[in-house]
Amino acid sequence: MTFLKLLIRNRLAAAGAVVMALVLLLALITPILPLPDPDVTNTSNRFVKPFSEGHLLGTDHLGRDLLARLMYGTRLSLAVGIAAAIFAAIFGAAIGIIAGYFGGKTDNIIMRGVDMLMAFPYILLALAIVAALGPGLTNALIAVAAVNIPFFARNIRGVTVGIAHKEFVDAAKLAGEGHLRIILTEILPNVIPVIVIAMSTTIGWMILETAGLSFLGLGSQPPQADLGSMLGEARSALITNPHTSIVPGVMILIIVMAINLLGDGVRDALDPRLRSGALTRPRPSTAVARTSEIPKPRETGTMVLTDLETQFHVGQRVYKAVSKVSLHVEPGECLGVIGESGSGKSVTALSIMGLVASPPGVITGGSARYDETELIGAPYEKLRRYRGDKVAYIFQDPLATLHPLYTVGDQLCEAIRVHHKVSKKEAWQRAVALLKQVRIPNAEGRAKVYPHEMSGGMRQRVGIAMALANDPDVIIADEPTTALDVTVQAQILALLNDLRKERGLSIIFITHDFGVVAQLCDRVAVMYAGRIVETGPTQAVLDDAAHPYTRRLIACVPELGEGRRELHAIPGLPPAVDKLPAGCAFAPRCDKADALCQVGTIELEGNGTRAVRCIFPETKLSEDVA
Amino acid sequence: MGGYILKRLVSAIPVLFGITVIVFLIMAMIPGDPALAILGSYATPENVEKLNRDLGLDQPLVARYFIWLGNMLTGDFGRSFSLNRPVIDEVLDRFSATLILAGTSFVLCAIFGIAAGVVSAARQYGFADKAITFAVLLGISIPSFFLGMMMILLFAVRWKMLPVSGMYAIYGGGDLPDLLNHLIMPAIALAVVATGVVARLSRSAMLEVLRQDFVRTARAKGVREGRVIWGHALRAAMVSIIPVLGVQAGFVLSGAVYIEMVFQWPGVGRMLVDAILKRDILLVQGGVVFVAACYVMFNIAVDVAQSLLDPRIKT
């Protein structure tokens with residue numbers, strides 16, 4: 001029933017349905033309407049203009065009443081179009097079900113034939129059939145139905161193949177039921193919806209096609225007229241008396257448009273992706289809708305985030321993916337941001353340069369300052385100039401993040417040439433140099449290959465090379481090693497570490513793996529449900545974590561050579577960020593939680609170098625550490 | 001690449017073979033004596049006897065098919081009785097006119113359809129998107145033959161900007177500007193429906209691609225938005241747009257039949273309709289086989305274009 005509701009809510013589709021119902025109703029009651037005989041000629045009364053006495057739409061070249069001819073013509077066109085659709089559906093479905101149900105050789109032979117028929121431009125086939133059978137409305141109907149049979153056969157075969165191997169069909173076979181009985185009682189009821197949908201999307205076509213054949217003089221023969229032959233007959237008087245052409249033409253237009261609107265509505269209502277509104281394209285930069293003033297930065301560094309807030313607005317729901325996150329990173333420093341999937345760490349990273357998909361993403365507050373420049377809410381062009389030049393990203397899964405149809409060399413060249421005016425040749429040389437720098441063997445050759453021709457580790461190196469292309473000050477690495485095996489991961493981490501030391505890069509390293517943080521990061525920030533729950537120097541946090549969640553995350557890391565230690569997965573799941581509980585978001589999964597943990601707001605408190613958001617920390621942060 | 005083209009050409013052989021079988025079987029449905037049906041009012045006893053000998057009409061169906069196929073392979077499509085000239089000559093003459101019309105329309109529908117789809121997707125839910133979506137709905141709903149007639153009324157009769165019909169002016173024409181002048185209206189009328197279909201598909205293909213991670217990567221590199229859309233995204237979207245262009249070529253070719261009637265364009269479609277009305281069966285048969293074969297070849301070209309665009313297709 002949601003389907004019907006969706007269809008009605010779609011105003012255009014509803015309008016199409018109303019118009020179509022009206023046309024159908026008029027066509028049905030035409031014989032009982034007080035209309036003159038559509039075939040009675042009166043040559044003394046030719047080409048009467050519309051809106052004349054006794055002839056609302058005027059008369060045609062033989063003095064016949066156009067309104068009457070239009071009504072009967074519409075009736076005939078609809079009848080023929082619908083009949084053609086029904087024939088095409090019945091024969092197409094029969095062929096499709098037989099092919100799909102019996103499979104094997106039967107299927108192969110039938111589908112080959114169907115493919116052959118589809119190799120024709122449809123009108124050639126229709127013309128050949130009409131040529132063989134002779135012009136006439138019945139033959140035109142047969143031709144149009146025949147031309148559309150392959151379409152139905154192919155669709156319905158696909159569905160039948162899926163059903164033919166279901167348990168209930170096997171059960172019926174085991175029970176000794178005959179093929180015909182199985183097809184009629186088990187298969188057919190399941191494919192009928194598909195048949196109906198295929199009909200609803202093609203019926204407009206069939207009306208148009210039969211009208212077209214009649215227009216060519218190959219369909220309905222005088223004096224009988226459908227809309228197409230009315231238009232065809234009127235063509236010779238087009239210049240002198242255009243109304244005889246316009247009347248049937250507009251009618252065809254109205255019918256086909258109403259059916260198209262309805263068909264689109266049906267398709268949209270059935271397509272679940274459109275239903276959730278997921279098929280929206282992200283804008284060039286994330287929408288910013290501040291609800292508060294730009295906060296003053298409290299820390300210093302190349303990149304300073306202050307109270308950053310990013311939300312996802314989906315329908316009525318608001319997902320608070322990032323809630324007041326503050327981070328900073330100094331030149332040559334590596335900051336680790338760690339958390340489970342869904343903790344908001346990637347969204348935080350993407351918010352900085354406005355790369356959160358929007359819609360549905362909205363940055364609702366906070367500040368991200370690079371080198372004294374505010375990035376949140378900066379004009380697009382300013383943001384674009386910084387992207388890749390001053391602040392570069394390394395993404396996870398380079399197979400999806402590199403363009404599949406450009407060579408890696410071209411993608412690197414582009415990164416350089418976006419920000420620097422250099423010749424193509426020069427850019428290419430730098431691209432090769434970059435590939436060498438990230439230790440890709442045979443860099444000259446590798447620059448010419450496509451991403452899918454490389455291994456995962458090599459692709460990840462290309463991603464790093466691309467980030468380094470313009471010698472940025474800040475690199476934001478979003479789980480760059482997650483998809484890689486351990487040895488490659490170690491190589492990539494070592495590479496990043498060297499680069500940081502050589503170039504004085506600031507790195508923000510997003511990960512869910514404390515092992516990686518321990519290898520690379522100077523400081524670490526732990527995120528949970530969109531908030532930072534603990535932050536401090538990596539070694540201090542690792543040695544003596546203050547937040548219970550941090551402890552559990554550290555316990556998740558297996559230690560080499562200590563095979564006996566168990567892995568402590570954290571029971572439960574992170575909370576949905578559209579319904580965050582009061583107090584500590586981790587409380588429901590925490591051993592130490594008590595009633596106090598679930599009220600009010602718990603602040604991130606600390607001593608300057610370390611901070612924790614917990615009222616029962618695992619360890620007391622001494623005041624004199626700083 | 002050469003190997004791939006060869007492979008695709010070889011795979012077309014059974015399809016071409018199938019086309020001839022289907023056309024032959026359809027023509028075998030003609031009720032009564034085929035010689036009489038083919039000759040119609042030209043059926044003198046000598047003619048009937050000659051045709052029976054040439055086409056082997058007194059032989060069994062299978063033998064007749066192979067005689068017909070063999071003749072066609074040597075370029076002999078038979079003789080049109082209504083025109084009294086070899087079918088292949090007439091088809092080639094007419095097909096060149098159709099190619100000019102349909103080819104122009106195809107290029108128009110590809111360029112404007114893709115452009116409209118891209119703009120529509122890039123400005124999703126914006127004014128341009130809504131305007132294009134509405135225009136597309138109108139375009140795919142209006143029968144091309146009606147659109148052509150209305151264009152004649154407006155541009156040729158009322159504003160006298162363009163010639164009413166034909167391919168060249170009867171007096172003093174015949175050069176390229178004259179051809180283009182005559183081509184504008186029919187080419188546009190023919191292109192409208194296909195443009196709408198291509199625009200629709202391009203829009204959804206672009207929306208699909210714009211959500212992909214590599215588009216985000218391009219933006220993260222600082223690539224200008226224009227290039228993100230028309231370069232990165234469109235190139236990837238072309239992978240799903242090109243096959244639709246192949247299908248649309250068939251629709252343009254089909255629509256050409258109506259447009260040729262409306263604009264008196266001397267193409268193969270009008271030839272077929274005239275031949276059907278005159279019951280010139282051999283001309284219909286030859287024309288259909290020839291055009292269908294050309295369409296199959298065109299689709300091979302589409303496949304090759306696809307493999308040039310997408311390095312992931314194994315060639």
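A residue counts as buried when 20 or more other C-beta atoms, placed from the backbone, lie within 10 Å of its own, as exposed with 12 or fewer, and as partly exposed in between. The views below come from a predicted model, in which local features need pLDDT of at least 70 and side-chain atom pairs count only at pLDDT 80 or more, while totals for chains, interfaces and linings use all residues. Residues are numbered from 1 along each chain as its sequence is written, and chains are lettered from A and ligands numbered from 1 in the order in which they are written.

**View 1. Helix H9 of chain A is mostly covered.** Helices here are DSSP runs of H or I with at least four residues and strands are runs of E with at least two, numbered from the N terminus. In H9(A), 8 of its 8 residues are buried: A:Leu227, A:Gly228, A:Ser229, A:Met230, A:Leu231, A:Gly232, A:Glu233 and A:Ala234. Who provides the cover for the buried residues of H9(A)? The covering elements include H3 (66–102), H8 and H10 (243–270) of chain A, along with H7 of chain B. Contact throughout these legends is a C-beta to C-beta separation within 7 Å, with the C-beta atoms placed from the backbone.

**View 2. Helices H8 and H9 of chain A pack against each other.** Two packed helices are described by the angle between their axes and the distance between the axes. For H8(A) (residues 179–215) and H9(A) (residues 227–234) these are about 35° and 7 Å. Each axis is a line fitted to C-alpha atoms over the stretch in contact, and angles run from 0 to 180 degrees between N-to-C directions. On the H8(A) side, look for A:Thr210, A:Ala211, A:Gly212, A:Leu213, A:Ser214 and A:Phe215; they meet A:Leu227, A:Gly228, A:Ser229, A:Leu231 and A:Gly232 of H9(A). This contact holds 5 nonpolar, 6 polar and no charged residues. Ala, Val, Leu, Ile, Met, Phe, Trp, Tyr, Cys and Pro count as nonpolar, Asp, Glu, Lys and Arg as charged, and the others, Gly among them, as polar.

**View 3. Chain B meets chain A through residues from several helices.** Here 61 residues of chain B are in contact with 62 residues of chain A. Helices that each supply at least two residues to the chain B side include H1 (2–28), H6 (127–141), H7 (144–158) and H8 (176–210). Which helix gives the largest share of that side? H10(B) does, with 10 residues. The chain B side divides into 42 nonpolar, 9 polar and 10 charged residues.

**View 4. B:Met27 sits in helix H1 of chain B.** B:Met27 counts as buried because 21 C-beta neighbours lie inside 10 Å. Leaving aside neighbours within four places in sequence, B:Met27 is in contact with A:Ala132, B:Ile281 and B:Gln285. Its C-alpha atom is 10.0 Å from that of B:Ile38, 11 residues apart along the chain.

**View 5. Two spans of chain B are listed as "transmembrane region" in an unreviewed UniProt entry, among them 179–201 and 236–261.** UniProt positions are in the numbering used here, feature names are shortened, and annotations may be inferred rather than shown by experiment. Residues 179–201 of chain B are 100% helix, with end C-alpha atoms 32 Å apart. Residues 236–261 of chain B are also 100% helix, and their end C-alpha atoms lie 39 Å apart. Chain B as a whole has 12 helices and 2 strands.

**View 6. Eight strands of chain A form an open, mixed sheet.** The order is E7-E8-E9-E4-E10-E11-E13-E12. E7(A) (391–394) and E12(A) (605–606) stand at the edges with a single partner strand each, so one side of each has no neighbour in the sheet. Strands pair when DSSP finds at least two bridges between them. E12(A) and E13(A) (residues 611–612) are antiparallel over 2 bridges, with A:Glu605 opposite A:Val612. Helix H22(A) (residues 548–555) packs on the sheet, touching E4 (334–338), E10 (523–528) and E11 (531–537) of chain A; its direction makes about 105° with that of E10(A).

**View 7. Strand E7 of chain A is covered on both faces.** In a regular strand the side chains alternate between the two faces of the sheet. In E7(A), A:Val391 and A:Tyr393 lie on one side, A:Ala392 and A:Ile394 on the other, and all are buried. E7(A) runs parallel to E8(A) (residues 474–478), joined by 4 bridges. A:Ile394 has A:Ala477 as its bridge partner in E8(A).

How values were computed. Contact = placed C-beta atoms within 7 Å.
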